[in-house]
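Student: I am new to this structure and would be grateful for a close look at one part of it. Could you please guide me through the salt bridges and the places in the chain that they connect?

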Amino acid sequence: MNRERASKQRPRSARPSHAIVLECVSPDLDAGRFAVKRVVGDRLIVGADVFKDGHDLIAARIRYRAPGENEWRYAPMTHDPTIDRWGGSLLLDTIGAWRYTVEAWTDVFGTKRSGLGKKIGADQVVALELLEIAQLVDVAARRSRFGEVRTALKTAAATLANDALSSAERASVALSPQLEALMAANLLPTDLTAYTREHTVWVDRERAVYGAWYELFPRSQTDDPARHGTFADASRALPRVAELGFDVVYLPPIHPVGTTNRKGRNNALVAGSSDPGSPWAIGNEHGGHDAVDPRLGTIDDFDAFVAAAATLRLEIALDYALQCSPDHPWLTQHPEWFFVRPDGTIKYAENPPKKYQDIYPLNFWCDDREGLWNACRDILTFWIEHGVRTFRVDNPHTKPFAFWEWVIDEVHREHADVVFLAEAFTRPKVMKHLGKLGFSQSYTYFTWRNSAHELRDYVEELAHGGAREYFRANFFANTPDILHEYLAHGGRPAFRIRLLLAATLGASYGIYSGYELCENVPLKPGSEEYLHSEKYELKPRDWNAPGNIQWDVAIINRIRRENRALHHFTNVSFHDSGDPNILFYKKSAPDADNQLLIAVTADPHATHETMVTVPVDSLGLGREQSYVVQDLLTGASYQWRGAQNYVRLDPGHQVGHIFRISRG
């Protein structure tokens, strides 16, 4: 192509010269592929880069729609002109999926008005500027749908065009806040530009973020190890759990347990005649996932149990384990839903070298995928109809991602308040992807983070990294599958330390029955399995046994309820401690009227003392100001001054402090 020919071509442009640029809208998760998450009552802070060529002023707003609404609503945005970053917010007052994006346009009236003000300030002639503004006001008047507004605009336009009046009189109308408000509401933009994508924010109820969980086996709520517990027994156990201050009672599977290849005590391959089997081996002649073990009672007994919990302000969470024992009704009704091996046998579950002969996995990509997926969804809706609004999902990372995205969306279409907890002890990216797909919260690596620096690094990653938009941590201190060596070797002080850390670092945390008794005997040295695991036998307990830490549990849960700073996770900030074994951190309520400083030792064996650095600037305290900190665990108060203050932690007595700051 020669130069002469090139010069005759029209210049190519990706957009008209007057186009407004909208970029970097936040919050954004994978270019809008997934929803960010919030809780009802939160404010969603929306930001965007908005600019255009030239010197015209720009206006921008958030366009959003609440769940179930067909009409768009709008929220204003303001900006920092030095960086062209705009921001605004909206109150999320309804559970469900909200849609939002950003719109911008040239503020023609604002531009003319600003120019008028500048020329008046420079003592220049503004006759034409006043006429231009009058024309704009007249356009707005003709488009107004309301008589009083139209009349006000026409009157203003006439005044602005009336050259019999002084420029000062006319300019006072042009620059009045009343006309500014009328024009903002009635002058339609000619270049309204919307961001290229709409985003979604999923709004949950508070329990998706905040709550204290307690895991118990209903069958162990008995005073006789030879007698299987019932729902009635479990109901009688609930007042103690409520007194300890828990919010959620999580039940392992309550369904009929298979007999074929039933596991015996301590995971023995052969069960004794009285062994109850693993509740995760679901299904026998009495039914499958929509039935209850007859040894526990009937479905009516379960309903009564849920009702009894509700009177104590306890919520029941059920295990959702998509696997079957060899005796599950689906094996005869739908053998095509399972993996058939070349010899015609059904494949049992394996995680080499571990074998789970009492469990058959489901083939989610079988030829009757639709039938299987619908059946799995119907399990959830069945229990929802029986008052369950929270599900702990067993090993979700071993099932298809596509299934979880589908089934969670299916449930949320009719029951937006349902909470899903992912038991996903797997690779970090897989765990986080499950959060993107819709899981409300997830187990974490908290159990394996035991030193102060490990905890600080991990919590900062979860609370302040990109995953904070969608991945919510539930810090379980132990589970029936996980007895960490820290607890096995640290004794009672280790249980008190981990309880305090889980309950104050995490907004959601949990313990499994027996934690309050400091049960810590492993199956064998180095194993995370409990000796005499409750997964394979009935385990009645003496809750008043010597050495129990029920007082610790009760007071910590009471402190959590009374201090809103502990209802959030992403509000944690860590601060310097002179001892690497002491973790020191701050938590503040969103409006800063509840501010806590927390110091916890990570060493269950030795006493540590050090100076901690209080973040006086972020707390609004002077560098030399005196203030009072009250230890909510003991009630003791201390006079502190400035940033450097002393703490001493003794695992045999005081493993930590929860200080509430008082300026009085």
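Tutor: A salt bridge is a side-chain nitrogen of Lys or Arg within 4 Å of a carboxyl oxygen of Asp or Glu. The model shown here is predicted, and it holds 41 salt bridges.

Let us begin with Asp275, which forms a salt bridge with Arg265. The closest N and O atoms of this pair are 3.5 Å apart, and the pair counts as a salt bridge because the limit is 4 Å. Asp275 and Arg265 link distant parts of the chain, ten residues apart, and each lies in the loop between strand E12 (248-251) and helix H8 (299-311). The two partners can also be described by their accessibility. Asp275 has 8% relative accessibility and counts as buried, because buried means under 20% relative accessible area. Arg265, at 45% relative accessibility, counts as partly exposed.

Glu132 forms a salt bridge with Lys112, and their closest N and O atoms are 3.3 Å apart. Glu132 belongs to helix H3 (residues 127-143) and Lys112 to helix H2 (residues 108-121), so that distant parts of the chain, 20 residues apart, are linked by this pair. Glu132 has a relative accessible area of 33% and is partly exposed. Lys112 also counts as partly exposed, with 32% relative accessibility.

Arg392 forms a salt bridge with Asp319, with 2.7 Å between the closest N and O atoms. Arg392 is found in strand E18 (residues 390-394) and Asp319 in strand E13 (residues 315-320); the pair links distant parts of the chain, 73 residues apart. Both Arg392 and Asp319 are buried.

Strand E2 is joined to strand E10 (residues 199-204) by four bridges, and the two strands run parallel. These are bridges between strands as found by DSSP. Within E10, Val203 is the bridge partner of Arg38.

Methods. Residues are numbered from 1 along each chain as its sequence is written. This is a predicted model: local features need pLDDT of at least 70, side-chain atom pairs count only at pLDDT 80 or more; totals for chains, interfaces and linings use all residues. Side-chain values use heavy atoms; hydrogens and water are left out. Buried means under 20% relative accessible area, exposed over 50%, partly exposed in between (1.4 Å probe, protein chains only).
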